[in-house]
Amino acid sequence: RFDVSPPWLNRVLERKPKQYVHAVDGVSFDIPRGKTLALVGESGCGKSTVARLLVGLYNPTGGTVAFDGRDTREWLGSQDAGALRRRFQMIFQDPYASLNPRWKVGAIVAEPLLEQGVLTNTADVEARVGELLTMVGLSSVDAGKYPHQFSGGQRQRISIARALATAPEFLVCDEPTSALDVSVQAQVLNIMKELQAQRGLTYLFISHNLAVVRHMADQVGVMYLGRLVEVAGKSELFAQPRHPYTRMLLDAIPDIHMTGRQRVAVQGEVPNPLNPPSGCSFHPRCPHATARCSAERPVLRHQGGTQVACHAIEEGRI
Ligand code: SF4
Ligand code: MG
């Protein structure tokens with residue numbers, strides 16, 4: 001379970017001082033072990049901020065980030081910080097930027113093992129690196145090459161091998177395939193699914209691509225301007241989206257089931273995340289908004305098997 005909790009995390013400070021990133025507030029979710037929760041939303045909704053907060057790349061300016069009830073910052077500052085670091089890993093969007101171009105692939109994959117003191121004997125490290133590369137469909141020969149000798153899809157597989165080095169339980173994947181050609185995206189996603197099944201990995205999977213989410217997720221959390229507006233099982237969400245924003249997102253995707261449903265463009269633009277609208281921050285774009293919506297912020301509540309934050313649903317208007 002994660003809680004990025006009140007008191008209001010209005011702004012989240014990046015490690016670089018004085019640079020603000022997209023705000024998130026009151027985001028809490030549970031991910032059952034071995035399952036995938038996908039976070040979706042338009043850019044600027046705070047998805048990447050949640051990811052970076054969870055792995056400790058950003059420090060919250062207020063409130064806490066907790067994992068299994070324990071404050072992650074406190075944990076990272078304690079003696080068993082290594083235990084948390086080994087349990088969590090992150091896979092980034094851009095495999096070009098996230099691999100050190102001057103290091104050979106073997107060193108890149110071995111770094112977390114050495115840094116965390118998981119293995120110290122050179123022969124063991126070498127064997128483990130070969131194993132990790134094989135696990136993602138490469139070979140131990142590739143350990144002696146540089147990242148530029150690989151394609152984008154192969155580089156992302158190298159990032160995955162590196163992320164798996166310390167045998168983590170939980171992977172935060174921030175748009176892991178969106179920098180890749182469509183033709184190699186599926187390949188990388190399938191490797192991730194296989195590894196999840198084999199190793200019982202738990203994923204927080206961040207994407208703006210609903211087709212990718214449909215392929216990967218068990219549960220889906222829809223974010224809008226730093227808040228969760230709907231959390232539902234994948235099938236429920238795609239079959240019966242509840243929140244007006246979720247409906248808008250789904251209406252904008254091509255009709256993959258050929259039901260004859262018209263594709264509707266996403267209406268309006270995302271407001272400035274540093275100055276979100278009052279009440280329900282979706283109200284300027286919502287066809288069901290009333291005066292209550294601009295005055296009062298709806299709370300995420302259980303409605304049947306899903307969680308939704310919307311006055312109109314609560315009032316039974318939609
Ligand atoms: Fe629309 Fe109001 Fe529901 Fe927000 S709370 S999504 S504005 S109906
Ligand atoms: Mg992002």
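In this model, strands β10 (residues 170-174) and β11 (residues 202-206) pair in the parallel sense over 5 bridges, where pairing requires that DSSP finds at least two bridges between two strands, and where helices (H or I, at least four residues) and strands (E, at least two) are DSSP runs numbered from the N terminus. The model is predicted, and local features need pLDDT of at least 70, side-chain atom pairs count only at pLDDT 80 or more, and totals for chains, interfaces and linings use all residues. Residues are numbered from 1 along each chain as its sequence is written, while chains are lettered from A and ligands numbered from 1 in the order in which they are written.

**Chain overview**

- The secondary structure of the chain comes to 12 helices and 15 strands.
- Of the 318 residues in the chain, 40% are buried, a residue being buried if 20 or more other C-beta atoms, placed from the backbone, lie within 10 Å of its own, exposed if 12 or fewer do, and partly exposed in between.
- Among contacts in the chain between residues at least 6 apart in sequence, 64% join residues at least 24 apart, with a contact defined by C-beta atoms, placed from the backbone, that lie within 7 Å.

- Strand β10 is mostly covered, with 4 of its 5 residues buried, and 4 bridges join β10 in parallel to strand β9 (residues 88-91).
- From β10 the chain crosses through helix α7 (residues 182-199) to β11 in a right-handed β-α-β crossover, that is, one in which the path from the first strand over the helix to the second runs clockwise when the strands point away from the viewer.

**Strand β5**

- All 5 of the 5 residues of strand β5 (residues 36-40) are buried, with Thr 36, Ala 38 and Val 40 on one side and Leu 37 and Leu 39 on the other.
- Strand β5 runs parallel to β11, to which 4 bridges join it, and the bridge partner of Thr 36 in β11 is Tyr 203.
- Another 4 bridges join β5 to strand β12 (residues 219-224), again in parallel, and Leu 39 stands opposite Gly 221 in β12.

**Helix α6**

- Helix α6 (residues 152-164) has 13 residues and reaches 19 Å from its first C-alpha to its last, close to the 18 Å expected at 1.5 Å a residue, the expected span being 1.5 Å times one less than the number of residues.
- In α6, 11 of the 13 residues are buried, and these buried residues pack against β9, α4 (105-115), α5 (122-135), β10 and α7.

**Two individual residues**

- Met 90, found in strand β9, counts as buried because it has 21 C-beta neighbours inside 10 Å.
- Not counting residues up to four places away in sequence, Met 90 touches Ala 51, Val 55, Ala 163, Val 172 and Asp 174.
- Gly 69, in the loop between β7 (65-67) and β8 (70-71), counts as exposed because it has 7 C-beta neighbours inside 10 Å.

- The residues around ligand 1 include Cys 280, His 283, Cys 286, His 288, Cys 293, Cys 310 and His 311, where a residue is near a molecule if its C-beta atom, placed from the backbone, lies within 6 Å of it.
- The shell divides into 9 nonpolar, 3 polar and no charged residues, with Ala, Val, Leu, Ile, Met, Phe, Trp, Tyr, Cys and Pro counted as nonpolar, Asp, Glu, Lys and Arg as charged, and the others, Gly among them, as polar.

Notes. Contact = placed C-beta atoms within 7 Å.
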